[in-house]
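The entries follow in the order of looking.

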Amino acid sequence: MSLLSEVTVLAVDTETTGMDPAVGARLVEVAHVRITAGALAEEWSSLVKPGVPIPIEASRVHGISDAMVADAPAMAEVGRTWRAALADHPLVFHNAPFDLPFLVHLFREAGEPPLTNPIVDTLGLARGLFGSSGNKLGELATRFQFPSETAHRALGDTRTTARLFLELAGRWEREKGVRSIMELAAVSQDVMRATARR
């Protein structure tokens, strides 16, 4: 029986106005894709009204403009909706140290409980298998010939992260003997700590 056969996880991605919420960067888009019994299932995304102008440099990356988020739901509304959807499921990110501070800020602003979910980082899983280079999301999507998605939009990147998670989880199970989602989460975090740029 596969380690994913009776597990539901959610792949998650965000798009933002900048790199760090501690210095004023805010979310502009969020998304998740549910993975149930080893297959992609329900997906959800939302633009977010950030409450600050979107710098042109950020718009060049993700293509989201101030006009696009003018009528989007406010952070608190998105935070309440999304926190309920994430519940206590294991969450999958590609480079979790970037996204997680934004989620912490979002849920705090919304008055929601903090995340205590297990976190699996596909960047850590990829580094553990393939070494430290060539592990950007787009590079891995090309390597595994995943369907083309809109890069640097939350839902497109989340679909790619979900597919990558399925590929890498299978490899860690077959090649490294990982037997549970909790073990997969732990090893992904261990690799991220060991390979963090100092």
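**Entry 1, strands.** I began with Glu 29, which stands opposite Leu 47 in β3. I worked on a predicted model, in which local features need pLDDT of at least 70 and side-chain atom pairs count only at pLDDT 80 or more, while totals for chains, interfaces and linings use all residues. Residues are numbered from 1 along each chain as its sequence is written, and side-chain values use heavy atoms, with hydrogens and water left out. Helices (H or I, at least four residues) and strands (E, at least two) are DSSP runs numbered from the N terminus, and two strands pair if DSSP finds at least two bridges between them.

I then followed the pairing of β2 with strand β3 (residues 39-47), which is antiparallel and has seven bridges. The two strands form a hairpin with two residues between them. In that turn I noted Ala 37, with a positive phi of about 50°.

On the pairing of β2 with β1 I counted nine bridges, again antiparallel. I looked up two opposite pairs here: Val 9 with Ile 35 in β2, and Leu 10 with Arg 34 in β2. β1 also joins strand β4 (residues 91-93), in the parallel sense and by two bridges. There Ala 11 stands opposite Val 92 in β4.

I checked burial next, where buried means under 20% relative accessible area, exposed over 50%, and partly exposed in between (1.4 Å probe, protein chains only). In β1, eight of the nine residues are buried. β2 is largely enclosed by the rest of the structure, because eight of its 10 residues are buried.

I used the term nonpolar core for a set of buried Ala, Val, Leu, Ile, Met, Phe, Trp, Tyr and Cys residues joined through side-chain atoms within 4.5 Å. The largest such core has 29 residues, and Val 120, Leu 125, Leu 164, Phe 165, Ile 181 and Leu 184 have the most contacts inside it. Two or more residues each come from β1 (8-16), β2 (27-36), α5 (122-130), α6 (137-143), α7 (154-176) and α8 (181-195). The largest share, eight residues, comes from α7.

A second, separate core has 18 residues, among them Val 12, Val 48, Trp 82 and Leu 103.

What does Val 120 touch, not counting residues up to four places away in sequence? With contact taken as heavy atoms within 4.5 Å, I found Leu 91, Val 92, Phe 93, Leu 125, Phe 165, Ile 181, Leu 184, Ala 185 and Ser 188.

A pocket here is an open set of points on a 1 Å grid over the protein atoms alone, where a 1.4 Å probe fits, with protein on both sides within 12 Å along at least five of seven lines; lining residues have an atom within 4 Å of a point. Grid points are joined across faces, edges and corners, and a volume is the space filled by probe spheres set on the points.

I recorded a volume of about 1100 Å³ for the largest pocket. It is lined by 39 residues, of which His 94, Asn 95, Lys 136, Leu 137 and His 152 are the closest to its centre. Elements that give two or more residues to the lining are β1, α1 (56-62), α4 (96-109), α5, α6, α7 and α8.

By class I listed 13 nonpolar, 17 polar and nine charged lining residues. Ala, Val, Leu, Ile, Met, Phe, Trp, Tyr, Cys and Pro count as nonpolar, Asp, Glu, Lys and Arg as charged, and the others, Gly among them, as polar.

**Entry 4, loops between helices.** His 152 lies in the loop between α6 and α7. His 152 has a positive phi of about 65° although it is not a glycine, and at 42% relative accessibility it counts as partly exposed.

Gln 145 is also placed in the loop between α6 and α7. Its phi is positive too, about 55°, and it is not a glycine. Is Gln 145 buried or exposed? I read 71% relative accessibility, so Gln 145 counts as exposed.

Asn 135 is in the loop between α5 and α6. Asn 135 is buried, with a relative accessible area of 3%. Leaving out residues up to four places away in sequence, Asn 135 touches His 94, Leu 123, Ala 126, Arg 127, Phe 130 and Leu 140.

Last I looked up Ala 84 in helix α3 (residues 75-86). Ala 84 is exposed, at 59% relative accessible area. The C-alpha atoms of Ala 84 and Pro 113 are separated by 9.9 Å, and these residues are 29 apart along the chain.
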